[in-house]
Amino acid sequence: MAYQATATAPVNIAVIKYWGKRDTALILPTNSSLSVTLDQDHLRSTTTSRADAAFQGPDRLWLNGKEEEIKDGGRLWVCIKELRAWRREMEESDSALPKLSEWPLRIASYNNFPTAAGLASSASGLAALVSSLSTLYALPQSASELSRIARQGSGSACRSLFGGFVAWREGTSPDGSDSLAEQVEPASHWPEMQALICVVSDAKKGTSSTSGMQRTVATSPLLSARLAGVPARMKAMESAITSRDFPAFAELTMADSNQFHAVCLDTSPPIFYLNDVSRAIIALVEEINRANTTPIAAYTFDAGPNAVIYAQAKDMPVIITAVKKFFPTEQEFTDPLKVGEAPLPQGF
Ligand code: PMV
């Protein structure tokens, strides 16, 4: 007997960045963060999980067709363990349920974009894994409860369980029970919001976010100044989103991206995620905004050189024209990405 479930999860790009863990085992962040979930037609992970009584040996996982080890005590292992434990509880209280929790798993995940290029592949990948397993196990848990599990796979993954504008509340509990993601506004609240992704390099990033964060927390004197300012910035960002105030959204997004990269530079040894092309994109967006009375574009960069430029639909054509003029490319630009809704796992 076998059961199988497939789920997809979109990429999210933070506008208030998560950078630093206060608990590395539970993945509890040093600050709350806020992101925009992108349209999954363009960037998504798709994961199929299968439980089969006939499978032998340990659980196995393939990423983009290549088998990856599920290390004992590692992040994937923790996510699978927690979801299986929830299933076991259900099986114990209802003897009619098939004992899926006892069967080995086979998990296959695919990204339709370059993995580990600063495009948050771990976020969509882990969110899709948690979604597919929770569907397979028919768990009744809410998306916020599942975000607590996804967080332990990759911090930013907890935000990919929701569409639209999503906050990850850092929480105060030492056991992480209140470190959850929640939707601030659905995508339909601000349909004019679009994202342009400028792939500066699709090479794998040099410093992983895990080791980069560890180094920043251990060595950056600037980090405490950043952390002191994040609560006010979160509040201002939420109100900019709620009132659809693009200029405020843009100022806050760019300031937060720059501060995150300043903290990286303040790390010892320093971490350089931006390159000359990234900096030229910053200069171009600043110039576009200077030429307008209020900002019409907002750049942000994660742990890599690729830019994400947020803009409203009415302004996107001007921005694309400028980007194409200064950064001619052989590759055609596709339609700007819209903010997309993530599908919720079945059973809610
Ligand atoms: O979840 P991780 O470990 O991949 O870290 C993500 C860190 C940033 O992308 C730089 C910021 C964020 O909030 O997504």
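**View 1. Helix 7, residues 276-290, spans 21 Å from its first C-alpha to its last.** The helix has 15 residues, and its reach is close to the 21 Å expected at 1.5 Å a residue. The expected span is 1.5 Å times one less than the number of residues. Helices (H or I, at least four residues) and strands (E, at least two) are DSSP runs, numbered from the N terminus. The model is predicted: local features need pLDDT of at least 70, side-chain atom pairs count only at pLDDT 80 or more, and totals for chains, interfaces and linings use all residues. Residues are numbered from 1 along each chain as its sequence is written, and side-chain values use heavy atoms, with hydrogens and water left out.

**View 2. Helix 7 has buried residues and, on the other side, exposed ones.** Ser278, Ile281, Ile282, Leu284, Val285, Ile288 and Asn289 are buried. Seen down the axis of helix 7, the buried residues fall within an arc of 165°, so they line one face. The arc is taken from the directions from the helix axis to the C-beta atoms. Asp276 and Arg290 are exposed on the other side. Buried means under 20% relative accessible area, exposed over 50%, and partly exposed in between (1.4 Å probe, protein chains only). The cover over the buried residues includes strand 12 (193-198), helix 6 (246-265), strand 13 (297-301), strand 14 (307-312) and helix 8 (316-326). Contact here means heavy atoms within 4.5 Å.

**View 3. Asn275 caps the N-terminal end of helix 7.** A side-chain oxygen of Asn275 lies 3.0 Å from the backbone nitrogen of Val277.

**View 4. Strand 2 pairs with strand 5 in the antiparallel sense.** The pairing of strand 2 (residues 12-16) with strand 5 (residues 33-37) runs over four bridges. Two strands pair if DSSP finds at least two bridges between them. Asn12 has Thr37 of strand 5 as its bridge partner. Strand 2 is mostly covered, with five of its five residues buried.

View 5. A backbone N or O atom of Tyr18 sits 2.9 Å from a ligand oxygen atom. In the side chain of Ser209, an N or O atom is 3.0 Å from an oxygen atom of the ligand. For Ser122, a polar side-chain atom lies 3.3 Å from a ligand oxygen atom.

**View 6. Gly163 lies in the loop between helix 3 (143-153) and strand 10 (165-168).** Gly163 counts as buried, at 2% relative accessibility. Gly163 and Val11 are 152 residues apart in sequence. In space they are 9.7 Å apart, C-alpha to C-alpha.

Notes:
Polar contact = N/O pair within 3.5 Å; in protein donor to acceptor, adjacent residues only side chain to side chain.
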